[in-house]
Amino acid sequence: MEWFDFVLERYNYWIVIILMMTGLYIVFARGNLVKKIVGLNLFQTSVFIYYLTIGKIAGGTAPIYVGGELDHGGGHGEEAPGHDAPGHDAPQGSDASLHETPEGASDHVNDLFGGEAGSDKIANDFASNDLKETLKDFQAQGAAAPTGGEASLHTPPEGVDGKIANDAFQNIKKPESIEFSIGDGHEAGANSLADAVHQASEVIYTNPLPHVLILTAIVVGVATTAVGLALAVRIREAYGTIEEDELEVIDNVAEFGEEARARAEGAAS
Amino acid sequence: MNFAEQLPVLPIITPLVMAPVTLLLPKGRAPWAWATLASWLTFAACVFLLREVSASSAGFISYHLGDWAPPLGIEYRVDLANALVLLLVSGIASLVFPFAYRSVQLEIDERQSSLFYGALLICMTGLLGVTITGDAFNVFVFLEISSLSTYALIAMGARRDRRALTASFNYLVMGTIGATFFVIGIGLLYQATGTLNMADLHDKLAGNHSRVVDAGFAFIVVGMGLKLAMFPMHLWLPNAYTYAPSAVSAFIAATATKVAVYVLIRFLYSIFGFDFSFMGSAFTFVLLPLGLAGMFVASFVAVFQDDVKRMLAYSSVAQIGYMLLGLSFATVEGLTASLVHVFNHALMKGALFMAVACVVLRAGSHSVEAFAGLARRMPFTTWAFILSGLSLIGVPLTVGFISKWYLLQAAFAAGHWYAGFLIVASSLIALLYVGRIVEVMVLREPAEEGKYAIPARDAPLSMLIPMWIMVAANIYFGVNTELTGEIARRAAEALMMVAGGAP
């Protein structure tokens with residue numbers, strides 16, 4: 001049954017192939033122009049699914065940022081320059097800067113949280129807005145890497161996205177334990193911190209680039225369909241039919257006279 | 001912002017931004033004048049670009065769109081090969097636009113004329129974009145931009161002949177299948193390498209012999225084969241060229257398939273390279289035989305056409321056979337011949353279709369009967385047709401001769417001596433079909449009355465001047481091969497170097 005698993009595991013590719021062949025068959029076999037367009041659509045849809053299949057990462061969610069609002073606005077005090085620099089570099093980036101971004105950011109978080117001595121300070125700081133801002137910033141950067149991360153394409157797509165998320169997750173685990181040492185009075189702040197950290201760490205995004213590509217291809221497909229249907233309408237206006245065989249007969253009659261119709265009918269019967 | 005730094009993007013941005021404006025202009029001359037201006041500006045940009053590339057030490061100019069560095073960002077990469085094609089496309093456009101005015105006045109509804117010029121500009125943008133870009137997916141997008149506007153433009157011929165609609169519909173179906181095959185191929189390459197930048201693809205594909213890449217290669221070759229009307233996937237082409245408005249025929253016959261040939265060259269040589277295992281067999285068993293078959297079958301079919309435009313369309317399919325033949329030799333000489341022929345064939349077909357457009361303007365038809373006795377009615381048009389027809393056959397002192405000469409040399413150098421004889425033989429068929437029209441034009445008596453009676457008045461100057469510039473180019477580049485031959489050779493050497501063959 002090995003082959004059966006092999007086939008079953010790749011079910012999405014089978015869907016692609018079946019849809020593609022169905023679409024092509026309709027295009028070639030049907031004489032009705034609108035049906036041809038439908039076949040063409042089916043054919044193109046199979047390609048969309050194929051591209052999505054390429055981009056899919058097991059366990060990954062849609063490449064839409066889920067960690068709350070991206071707040072890059074001012075007002076996070078002293079930390080600002082340190083955070084802004086990588087944040088702005090990332091999208092420009094060579095892979096180097098993209099890979100660095102999350103690590104750099106998590107280091108920073110580790111510095112904040114790291115060590116026994118630090119924990120007191122953190123406990124004190126939890127309520128303060130500054131730290132929340134810091135975290136938001138961190139989240140943004142963590143997320144920016146996979147999203148802006150066409151860099152992930154240099155190594156197999158699964159690798160990088162997962163790695164970034166996991167790296168982030170491991171580095172951030174420490175603060176979770178700190179959570180328990182925090183006094184009651186600071187609970188609210190602690191929870192929001194934990195939530196934020198969770199969100200930043202657990203989200204694995206699928207590779208966004210194929211999605212972007214296929215959005216473009218969908219636009220092209222829609223435009224093609226529109227033009228094709230508009231042509232079908234015009235053909236109907238000009239000829240009174242959208243059946244290919246009839247169109248051919250009409251053209252032949254127009255060019256060679258009535259005997260063309262007789263010949264066509266003779267061939268049909 | 002430095003003007004020179006932004007130069008590579010100008011051929012795309014200029015027509016793309018100027019095209020929608022044509023819709024806002026008052027009807028009449030304004031949209032035409034605006035579109036002509038756009039085409040001239042684009043041409044100027046392309047001339048500067050060619051000079052820049054030719055002088056640059058690296059051999060190419062890389063432009064990062066939006067300052068996003070490749071391979072992540074989209075790159076425009078101009079080397080000599082595509083600078084030559086850019087020059088060609090924008091040059092033909094800058095002649096066709098002024099030429100189009102009277103022809104469009106006759107053939108297109110006044111209310112649609114601004115749409116017509118807008119679509120033609122977009123079509124040109126798409127073709128230039130396909131040529132200039134260094135990103136594989138970007139090729140698809142621009143290809144569809146140009147194709148979609150071409151479908152609309154061809155359908156506009158319906159005012160004169162409703163068959164333009166079905167021709168356009170068939171082209172749409174075939175073109176979309178071709179483009180979708182192409183995009184599947186790119187998807188497969190992306191799956192195998194994780195990149196879309198052409199130069200990066202080339203690096204990543206080196207040593208990658210997986211079946212995914214093989215499949216991608218096949219999809220790309222078939223998809224592009226449909227777009228460039230490789231025999232036997234050419235069936236959409238004759239009708240599309242025949243029923244399109246005359247100015248559109250002149251433009252797309254001269255440019256659209258050439259750009260597709262360029263894309264094929266780019267993918268075969270710059271992306272896959274000789275390291276790729278399928279290349280040899282693709283050349284020997286696909287491109288070479290299909291090129292040869294196209295040369296003969298299409299030329300032969302052309303001889304029996306009663307419609308001059310259709311005859312020229314079939315001849316185009318045959319000429320594409322020459323280009324495929326040249327590139328399938330996989331030598332510098334062959335590639336040079338192919339690039340030279342891309343350029344030269346555009347010049348001759350452009351001039352021929354322009355001459356037909358002049359006849360359509362006066363005689364109202366492009367069937368052979370309308371050409372009877374044309375030499376007495378429209379001498380300038382007739383001579384333009386004859387000279388560019390001689391060029392199509394390959395008579396010395398014309399560009400056609402240069403193409404055939406390069407191609408013959410390449411065939412013998414590559415050891416395909418039989419191909420050399422076949423090239424000469426198919427040129428003789430070209431002599432047949434061109435000679436047939438010339439005979440009708442020069443020796444027949446013009447019809448005095450009836451459907452094909454022509455007033456003894458030549459085409460207006462606005463059409464004659466661009467047409468004769470094109471004919472003059474046919475002669476000039478037939479005598480002076482410094483621009484075409486020299487640049488094509490350097491471009492071919494660069495391509496071969498990247499492909500990893502013997503330089």
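This is a predicted model: local features need pLDDT of at least 70, side-chain atom pairs count only at pLDDT 80 or more; totals for chains, interfaces and linings use all residues.
Visitor: Which way does α6(B) pass α9(B), left-handed or right-handed?

Guide: The crossing of α6(B) and α9(B) is left-handed (the near helix is turned anticlockwise from the far one by less than a right angle; clockwise would be right-handed). Helices here are DSSP runs of H or I with at least four residues, strands are runs of E with at least two, and both are numbered from the N terminus.

Visitor: Which residues of α6(B) and α9(B) meet?

Guide: On the α6(B) side they include B:Arg163, B:Tyr171 and B:Met174, and on the α9(B) side they include B:Trp236 and B:Tyr243. Contact is counted when C-beta atoms, placed from the backbone, lie within 7 Å. By class, the residues of this contact between α6(B) and α9(B) are 7 nonpolar, 3 polar and 1 charged (Ala, Val, Leu, Ile, Met, Phe, Trp, Tyr, Cys and Pro are nonpolar, Asp, Glu, Lys and Arg charged, the others, Gly among them, polar).

Visitor: How do helix α11 and helix α12 of chain B pack?

Guide: Helix α11 (residues 278-303) and helix α12 (residues 308-328) of chain B pack at about 155 degrees, with axes 7 Å apart. The two helices, α11(B) and α12(B), are therefore roughly antiparallel. Their crossing, α11(B) with α12(B), is left-handed.

Visitor: And what meets what in α11(B) and α12(B)?

Guide: Among them, B:Phe283, B:Leu287 and B:Met295 are on the α11(B) side, with B:Met311, B:Tyr314 and B:Ile320 on the α12(B) side. The contact of α11(B) with α12(B) has 18 nonpolar, 6 polar and no charged residues.

Visitor: New topic: is strand β2 of chain B mostly covered or mostly open?

Guide: Strand β2 (residues 75-79) of chain B is mostly covered, with 5 of its 5 residues buried (20 or more other C-beta atoms within 10 Å; 12 or fewer is exposed, in between partly exposed, with C-beta atoms placed from the backbone). On one side of β2(B) sit B:Glu75, B:Arg77 and B:Asp79, and on the other B:Tyr76 and B:Val78.

Visitor: How many residues does each chain bring to the contact?

Guide: Chain A brings 32 residues and chain B brings 28. On the side of chain A that touches chain B, α10(A) gives the most, with 13 residues.

Visitor: How many helices and strands does chain A have?

Guide: Chain A has 12 helices and 0 strands, and 33% of its 269 residues count as buried.

Visitor: Where is A:Thr216 found?

Guide: A:Thr216 is in helix α10 of chain A. A:Thr216 counts as partly exposed because it has 16 C-beta neighbours inside 10 Å.

Terms used. Residues are numbered from 1 along each chain as its sequence is written. Chains are lettered from A and ligands numbered from 1 in the order in which they are written. Two residues are in contact if their C-beta atoms, placed from the backbone, lie within 7 Å. Axes are lines fitted to C-alpha atoms, for helices over the stretch in contact, and angles run from 0 to 180 degrees between N-to-C directions. Angles under 35 degrees count as roughly parallel, over 145 as roughly antiparallel, 65 to 115 as roughly perpendicular and the rest as oblique.
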